Amino acid sequence: SSGGTPAETCSDGIQNQDETGIDTGGVCSGSPSDSTPPVITLTGDATINLVVGDTYTEQGATASDDTDGDITANIITTGTVDTATPGTYTIRYNVLDVAGNPAVEVMREVVVS
């Protein structure tokens with residue numbers, strides 16, 4: 001590069017240069033940023049029907065990412081089910097990959113009647 005800011009060094013210790021040796025301005029060549037969100041898949045049915053007094057057993061979900069692989073352990077599950085009170089309850093599943101990309105939220109409805 002001619003003057004300006006010196007090339008930053010990538011985490012692999014190589015300066016940010018393209019294959020011709022030209023400074024790419026801080027972008028690590030060969031390390032594209034991860035912009036693909038992870039995918040959440042429900043385990044079991046999207047709607048569960050229970051009778052008042054039944055026990056609700058959370059079936060969970062799995063999450064995978066094209067860069068990070070299996071990130072199921074990072075899923076955040078919110079919502080509660082009161083099996084003593086009739087109603088429709090929503091359980092929500094969310095996850096982020098290491099790059100901070102959010103998955104499309106997945107929901108399960110639990111109907112207590």
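Author: Buried means under 20% relative accessible area, exposed over 50%, and partly exposed in between (1.4 Å probe, protein chains only). This is a predicted model, where local features need pLDDT of at least 70, side-chain atom pairs count only at pLDDT 80 or more, and totals for chains, interfaces and linings use all residues. Residues are numbered from 1 along each chain as its sequence is written, and side-chain values use heavy atoms, with hydrogens and water left out.

Reader: What percentage of the residues of the protein count as buried?

Author: The protein has 113 residues. By the cut-off of under 20% relative accessible area, the buried share is 26%.

Reader: How many strands does the secondary structure hold?

Author: Strands (E, at least two residues) and helices (H or I, at least four) are DSSP runs, numbered from the N terminus. There are zero helices. The pattern along the sequence is β-β-β-β-β-β-β. The strand count is seven.

Reader: Which residue forms a salt bridge with Arg-108?

Author: A salt bridge puts a side-chain nitrogen of Lys or Arg within 4 Å of a carboxyl oxygen of Asp or Glu. For Arg-108, the closest N and O atoms are 3.8 Å apart. Arg-108 lies in strand β7 and its partner in the loop between β2 and β3, so the pair ties together parts 50 residues apart in sequence. The partner is Glu-58.

Reader: Is Arg-108 buried or exposed?

Author: Glu-58 is partly exposed, at 36% relative accessibility. Arg-108 has 0% relative accessibility, so Arg-108 counts as buried.

Reader: Which residue meets Glu-105 in a salt bridge?

Author: The N to O distance is 3.0 Å. Glu-105 is partly exposed at 33% relative accessible area. Glu-105 lies in the loop between β6 and β7, and its partner in strand β6. That partner is Arg-92.
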